[in-house]
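Have the structure open while you read.

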Amino acid sequence: MSEQATTVQVEERADRMQALVNYEPEGVELREVEVPDLGEAEALIRVEAVGICGSDIHQWHGSHSWGVNYPVTLGHEFGGVIEEINGDGEFELGDRVVCETAAVIDEKSPLSRQGKYNLDPDRLGFGYGDDGAMARYVAVPVRCLHHVPDGLAFERAALTEPCSVAYNAVCQNAEIDPGDSVLVLGPGTIGLLCVQMASLSGASHVIANGLPVDEDRLDVAEELGATDTVTDDPSELIAGIGDGLGVDTVIDASGHSATFETAMDAVRPDGHITKVGWGPQPMEYSMDPVVQKAVTVQGSFSHTWPTWEKVLTLLNTGQLDVEPIVDRVAPLEEWHECFEGMHDRQYIKCVLTPNR
């Protein structure tokens with residue numbers, strides 16, 4: 001890209017913009033901020049769509065369990081168009097892109113060198129550690145970018161991130177095989193996407209478990225491939241599957257630590273539990289059943305470059321369908337209604353469009 005092209009882009013946009021800023025615990029509001037300047041090997045993205053994550057809701061209420069660099073612009077599920085770029089390579093002005101969440105990493109750390117930069121201890125993500133995309137523009141490292149296929153709408157491409165969380169949990173960490181039985185705990189966005197990933201992986205039984213208030217979400221789980229849904233103790237249902245010893249795999253996508261006990265009761269001896277849902281509450285029960293059943297317990301966090309490429313392929317081919325979980329697409333100015341609607345369970349997922 002030529003230096004002249006960069007200058008033209010800078011002159012054509014304003015220097016300030018609206019952004020949804022988390023300025024203190026339980027403090028979120030639209031504020032006017034400066035359009036970010038670019039550092040080395042960075043791109044300025046004109047944000048076309050940004051998904052609201054449950055973590056954004058937690059930061060809004062101050063109920064999160066991670067450190068936040070206040071003040072910070074929210075938003076880590078996003079896609080848009082490259083407006084400026086520093087450095088030559090495979091990306092250029094006008095490219096349609098989505099962006100991974102690892103805003104800051106130590107590229108020389110042992111984990112980053114192994115391709116596990118998602119686990120780098122110095123990693124900071126957009127929306128809590130670095131300014132995110134609930135704004136007209138966001139500056140991102142070029143290393144985080146992926147091309148968006150021409151036929152994939154930004155409102156759907158923006159959900160590459162939560163889809164990648166689910167893909168990592170189900171397809172990479174749980175390693176579900178065709179014919180397996182799977183229990184998914186928690187029908188939030190990630191849980192519902194985990195249901196779909198388990199179905200795509202060939203599981204013969206995919207059970208979605210929630211609470212009585214989750215009945216509408218469990219209906220969505222059936223659209224996405226759940227063979228059974230249950231709003232109470234799933235043990236009776238599980239006893240009727242196969243040899244009755246339990247499910248092969250449990251995906252714990254709930255935001256409550258207590259569900260781990262449900263997972264242990266449901267999994268078969270020598271089975272597998274993948275924990276992907278965050279829950280800050282302490283666990284107040286014995287871990288002895290993990291030993292007695294010889295269960296593999298696997299944490300699953302974030303994602304890496306190959307995962308994003310797989311998910312973009314699935315979205316583009318239509319094998320992965322996010323349409324059933326997107327309840328509202330709205331301008332940035334309607335953020336509060338969307339946040340409230342997700343918190344009150346009126347919506348599963350909302351997507352904001354800062355530049356429309």
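The points below go from the whole chain down to single pairs.

1. Keep in mind that this is a predicted model. The chain carries twelve helices and 18 strands. Its radius of gyration is 21 Å, close to the 21 Å from the globule rule for 356 residues, so the chain is as compact as a globular protein of that length. The C-alpha trace spans about 70 × 40 × 35 Å along its principal axes.

2. Of the contacts with a separation of 6 or more, 69% link residues 24 or more positions apart.

3. Now the charges. There are 21 positive and 61 negative ones, and their mean positions sit 3 Å apart. The salt bridge count comes to 16.

4. Glu32 and Arg16 pair at 2.8 Å, N to O. Glu32 is in strand S2 and Arg16 in strand S1, so the bridge ties together parts 16 residues apart in sequence. Glu32 is exposed at 52% relative accessibility, while Arg16 is partly exposed at 40%.

5. Asp214 and Arg345 deserve a look: their closest N and O atoms are 1.8 Å apart. Asp214 lies in the loop between S12 and H7, and Arg345 in the loop between H12 and S18, so the pair joins parts 131 residues apart in sequence. Asp214 is buried at 5%; Arg345 is partly exposed at 34%.

6. Glu48 meets Arg356 at 3.7 Å, N to O. Glu48 is in strand S3 and Arg356 in the segment after S18, so this bridge ties together parts 308 residues apart in sequence. Glu48 is buried at 10%, whereas Arg356 is exposed at 51%.

Technical notes: Residues are numbered from 1 along each chain as its sequence is written. This is a predicted model: local features need pLDDT of at least 70, side-chain atom pairs count only at pLDDT 80 or more; totals for chains, interfaces and linings use all residues. Side-chain values use heavy atoms; hydrogens and water are left out. Helices (H or I, at least four residues) and strands (E, at least two) are DSSP runs, numbered from the N terminus. The radius of gyration is taken over C-alpha atoms; the globule rule is 2.2 Å times the number of residues to the power 0.38. Contact means heavy atoms within 4.5 Å. Lys and Arg count as positive and Asp and Glu as negative; His and the chain ends are not counted. The place of a charge is taken as NZ of Lys, CZ of Arg, CG of Asp or CD of Glu. A salt bridge is a side-chain nitrogen of Lys or Arg within 4 Å of a carboxyl oxygen of Asp or Glu. Buried means under 20% relative accessible area, exposed over 50%, partly exposed in between (1.4 Å probe, protein chains only).
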